[in-house]
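I opened a structure today and kept notes as I went. Here is what I looked up, in the order I looked it up.

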Amino acid sequence: FIVAFVSLLLSSCAYQRLFKEGKKYEEAGMLELSVEKYNASLIKKEDFTDARIALNRTLIRYANDLEQQIDENYIQLNDDALVENFIKLKNLKRIADNNRIQLEISSRVQEQYNESQQRYLVDHYAKALAFIETEDFSAALSHILSIKKVNENYQDIAEKEIVCRCEPLYREALQQMQLEKYRTAYNTFNSIIKIGSNYKDSKNLQNECLEKGMLTVAFTTFYSNDIAKKTFIDKLKTNITTTIQNSNAIFLEIVDINNTEAIIKEQHLAMQNGIEIQG
């Protein structure tokens with residue numbers, strides 16, 4: 001009962017606190033933050049009338065400001081600013097819809113955005129291609145992410161994004177292999193494969209890293225007439241083997257040294273007697 005009471009008390013304090021913060025931001029003219037706080041207050045308490053009235057008032061006021069800014073951006077041909085402001089306007093519309101508040105985007109602003117959006121996409125795509133050409137993958141990725149905010153399926157940006165994210169990692173992994181840092185390179189290739197599963201020859205190189213970075217652990221027989229010591233060693237061997245197997249450490253491999261020695265002896269005998277070695 002006490003826990004339930006305290007939880008209810010904290011919840012009550014939370015929506016009131018968020019409402020008060022929203023009011024302070026609104027009075028300071030920081031409408032974006034004000035909307036955020038009023039909306040958060042309503043998420044805590046959906047039937048909080050004061051927050052709903054305040055959110056409705058602030059949404060309309062902020063939406064009008066954004067539409068005015070979009071008008072100015074359109075006249076100045078500032079496509080980047082126009083698109084950013086329209087995205088904010090769409091977010092306001094989403095918040096309004098979630099709270100059953102009427103808020104419409106004017107057809108004029110929608111048309112301005114449609115026109116500006118086309119120039120925006122063409123411009124950022126061209127810049128992304130130019131940066132990829134000069135191998136500045138970080139700068140290219142920045143333009144690709146700008147495009148994705150507007151249209152995730154624009155031309156071949158999905159493929160271009162994979163190149164921008166994977167190529168720097170791929171080159172880093174190759175350098176790590178040259179330095180014989182195979183386990184580090186393995187993890188770098190793993191990051192590449194998570195982004196682009198078939199990027200270049202990453203899978204084959206990762207397997208090569210696994211092979212070259214492998215550490216083998218072998219056990220040999222412990223001979224002793226002391227039963228206690230023999231029992232202790234057998235138990236220790238079992239514990240170590242189990243620990244390695246349960247650790248899922250891919251760069252540790254347990255080998256049977258006795259079988260290996262037997263195979264080597266058989267191969268020597270086969271070679272001495274001119275017998276073809278099988279396997």
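**Helix packing**

I started with handedness: α3 and α5 cross in a left-handed sense. The model is a predicted one, and I read everything below with that in mind.

Next I wanted the geometry behind that crossing. Helix α3 covers residues 49-75 and helix α5 covers residues 107-133; their axes lie 10 Å apart, and the packing angle is about 40°. I therefore noted α3 and α5 as oblique to each other.

I then moved to the pair α4 and α5. How far apart are the axes of α4 and α5, and at what angle do the two helices pack? I got 9 Å and about 125°. That pair is therefore oblique too: α4 and α5 sit in the oblique class. For handedness I wrote down left-handed for the crossing of α4 and α5.

I logged the crossing of α5 past α6 as left-handed.

**The strands and the helix between them**

I turned to the β part. Strand β1 is residues 215-219, strand β2 is residues 252-256, and the two pair in the parallel sense over 5 bridges. I checked individual partners: L215 is bridged to L252 in β2, and V217 stands opposite I254, also in β2. A reminder to myself: side chains in a regular strand alternate between the two faces of the sheet.

What do β1, helix α10 and β2 make together? I found a right-handed β-α-β unit, with α10 running over residues 227-247.

While in β1 I clicked on A218, which is found in that strand. Buried, partly exposed or exposed? A218 has a relative accessible area of 40%, so I put it down as partly exposed.

**Cysteines**

I looked for disulfides and the count came back as 0. C209 is in no disulfide either, as its nearest cysteine sulfur, the one in C166, is 16 Å away.

I looked up burial for both. C166 has a relative accessible area of 0%, so I marked it buried. C209 also comes out at 0%, so I marked C209 buried as well.

**Positive phi in two loops**

R100 has phi near 55° and lies in the loop between α4 and α5. Its relative accessibility is 61%, so R100 counts as exposed.

The other entry is Q155, with phi near 45°. Where is Q155 placed? I found it in the loop between α6 (137-150) and α7 (157-178). At 54% relative accessibility Q155 is past the 50% cut-off, so I filed it as exposed.

I finished with D97, which lies in helix α4, residues 79-98. Its relative accessibility is 44%, so D97 counts as partly exposed. For a distance check I picked L31: D97 and L31 are 66 residues apart in sequence, and their C-alpha atoms are 18 Å apart in space.

Note on methods: Residues are numbered from 1 along each chain as its sequence is written. This is a predicted model: local features need pLDDT of at least 70, side-chain atom pairs count only at pLDDT 80 or more; totals for chains, interfaces and linings use all residues. Side-chain values use heavy atoms; hydrogens and water are left out. Two strands pair if DSSP finds at least two bridges between them. Helices (H or I, at least four residues) and strands (E, at least two) are DSSP runs, numbered from the N terminus. A crossover is right-handed if, with the strands pointing away from the viewer, the path from the first strand over the helix to the second runs clockwise. A disulfide is a pair of cysteine sulfur atoms within 2.5 Å. Buried means under 20% relative accessible area, exposed over 50%, partly exposed in between (1.4 Å probe, protein chains only). Axes are lines fitted to C-alpha atoms, for helices over the stretch in contact, and angles run from 0 to 180 degrees between N-to-C directions. Angles under 35 degrees count as roughly parallel, over 145 as roughly antiparallel, 65 to 115 as roughly perpendicular and the rest as oblique. A crossing is left-handed if the near helix is turned anticlockwise from the far one by less than a right angle, and right-handed if clockwise.
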